[in-house]
Amino acid sequence: MSSDVVVDIQGLTKRFGPRTVFEDISFQVHRSEVVAVIGPSGAGKSTFIRCINYLHPFEAGRIRVLDHELVGGGGPPSKATLRQIRMQVGMAFQTFNLFPHLTALGNVMLGPMETKRVPASEARDKAMALLTSVGLADRAEAYPRRLSGGEQQRVAICRALAMDPEVMLFDEPTSMLDPEMVGEVLGTIRGLAAQGMTLILVTHEMQFAKEVADTVVVMADGRVVETGPARDVLEHPTSERSRTFLTRVLKPLEAAGDGQASGPGATTALGGDHP
Amino acid sequence: MHVVALYWQAIVDGGGVDLELTAIAVAVSVVVGILAAVGRIYGGKLLGGAITVYVEIIRGLPPILQLFIIYFGLSQFQINLSSFSAGLLWLVLYGVGYAVEIFRAGIEAVSVGQREAADALGLTRVQALRRIILPQAWMVMLPSLMTFLVLQVKNTTLLYLVGIADIMYQARLGTSATEQPAIMYGMAAIAYLIINLTLSRIGSTLERRQALYR
Amino acid sequence: MSTLQLWGQYLPQFLAGLVVSLQLTGAALVLALALGTLLVLARTGRIRILAAIATGYVEVFRAVPVLVLLFTAYYSLAQLGLRLPGFWAGVVALGAFYGTLYGEDMRSGLQSVDPGQREAAVALGLSNGAVMRRVVLPQAFLAFLPPGTNELSNLIKDTSLVLTIGVTDLMFQANAAAAATFQPMDMFLLAGLVYFAFYILLSRILARWELNVQRRRS
């Protein structure tokens, strides 16, 4: 079992000054597993996922990504460890964070060229292949501000994939998107899951989590209140805290009826976008 | 150090002249500047264009050259201005050129929605400007107005060239009498430092106070 | 003599003066950019004492008029044993002052870059140097250009101050010609035309360049 663990998180604790953002978070992510982290806003989900690639330092606990380990509390990890981890962990942001001075293609080429010294022609071929796989081949020369939100997020995913990561992190990848663009991005993520990519995603799309995730982690008040197979947790939550959260999120969805409620879920049909 | 005691009073007197000229020039150029900014924005092609050209000329020519044109240049046509009038006239002409741009930027920074809301209320253009736009523009303009004030104080250093007894004039006089430029220009630097740092301090206090109202 | 004849007679001298003004501008610009870079590094760096010194330097040198700096560089330093030629006194004074302005422009350029950009670059595994070189600086440069070019056209105008210490720049030539011909307005107008032509030329070129950089990126 331990041999195919990609990410191993033990006792992770994060404080901002006197305030504890979350504490004692532990779980493992196996190869090809899709983990959805859900929970009310302010639960520290975004901070948590940023600890995995050490965009935020943490005060206690440890994170192991394959052969490399980050330990909280002691000083910052060595540059080599950080480099290795960041090359193996890809990330897509809520606000996309595409580099505005580079074209879509330039954004996707940058990582491999800078960190792996991949020749430009090779990086270009790979970037084109990735953009093609998400249906953006014709937008390769466009600058970010000319792209729609959904297109920007798909480029951002390609930028991360160009590094051949072992695991992909998604920090609320669709929450800044207009509703009609959510589907195309979720379609891309669904495609990654189908290909066997290991994914950790913070999301508010419950329907999507139920369909695509293997495991759901519910965070509330700075703790993990429930973990388990997606369907079980979402349909029959055992902890009181996750039950109140889930009723609050799912109620309006069910009340709205099929058409609206399954908006993101209904986009399963949008398979054309898949790599 | 004896030199410092001897000349400090002269430097302070020079500072008084500098401040007086700056105050008059800034007051006049702010009033004219607001009118010219409104003229530039709402005044149509001819007036707006003329004001733009004026601003470009003031911004395009070295200050020293502008001053020399007024004081020496005009004398070619038997227009002999006194040192004080020439100095003041230049500070005003120069100041207007800068103030126009400051007010234009401030007025244009107020959002279109504000103007539309004022129009919807039935306010006239002058009312909208006085009640809605300028009060909001004020906040945006405050930092550049303070920079403008400091710039004008610095510009007074040129006035010794036409014989106005400002700080620089006194410092040069003192230098030729004592042959101690390090002390004399050091004193001048300190005098300007005190004036300008005080002005910027007042400016940031005002900004903080204004921020409270928002 | 008619004004035009006078202009024709003095134009070569004026152009020679313009060359001096431009050399002065170039040298002062190099010094100011170098100083500005050092100030930014010191102010954003971790060594507290250096940051305090840089902040103090900026406060003081921004508040003292350039002409005072010029006289200090030319007369005061000479009294203290460092005798600079007029040209270099001008370079030092202008560079010392414009360095503070360029430093501030660079700093706000850097601050204008969204923190998410740095985060995204770090997440890609880029080294600190690459984050700066490939992601932060190209964007900061775009924000730096408009105030930076504005500062440059002010710098050119301020070189005229060296007239007061006898450097034979354009303004000096105009002043000398005004005294020699007793037709000061004619001579100052010619100088004005040269300065203004250069100002327009430069601001158009710089504006076009800015536009190009911006356009290439959208």
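Two strands pair if DSSP finds at least two bridges between them. Helices (H or I, at least four residues) and strands (E, at least two) are DSSP runs, numbered from the N terminus.

This is a predicted model, in which local features need pLDDT of at least 70, side-chain atom pairs count only at pLDDT 80 or more, and totals for chains, interfaces and linings use all residues. Residues are numbered from 1 along each chain as its sequence is written, while chains are lettered from A and ligands numbered from 1 in the order in which they are written.

**View 1. A hairpin in chain A.** Here S1(A) and S2(A) form a hairpin with 2 residues between them. In the turn, A:Gly17 has a positive phi of about 60 degrees. Strand S1 (residues 5-16) and strand S2 (residues 19-30) of chain A run antiparallel, joined by 8 bridges. Look for A:Val5, whose bridge partner in S2(A) is A:His30.

**View 2. The helices of chain B.** Chain B has 8 helices and 0 strands. Its C-alpha trace spans about 70 × 50 × 20 Å along the principal axes. Of the 214 residues in chain B, 42% are buried (20 or more other C-beta atoms within 10 Å of the residue's own, with C-beta atoms placed from the backbone).

**View 3. Where chain C touches chain A.** This contact (C-beta atoms, placed from the backbone, within 7 Å) takes 16 residues from chain C and 20 residues from chain A. On the chain C side, helix H5 (115-123) and helix H6 (128-158) each supply at least two residues. H5(C) gives the most to that side, with 6 residues.

Key
Contact = placed C-beta atoms within 7 Å. Buried ≥ 20, exposed ≤ 12 C-beta atoms within 10 Å, placed from the backbone.
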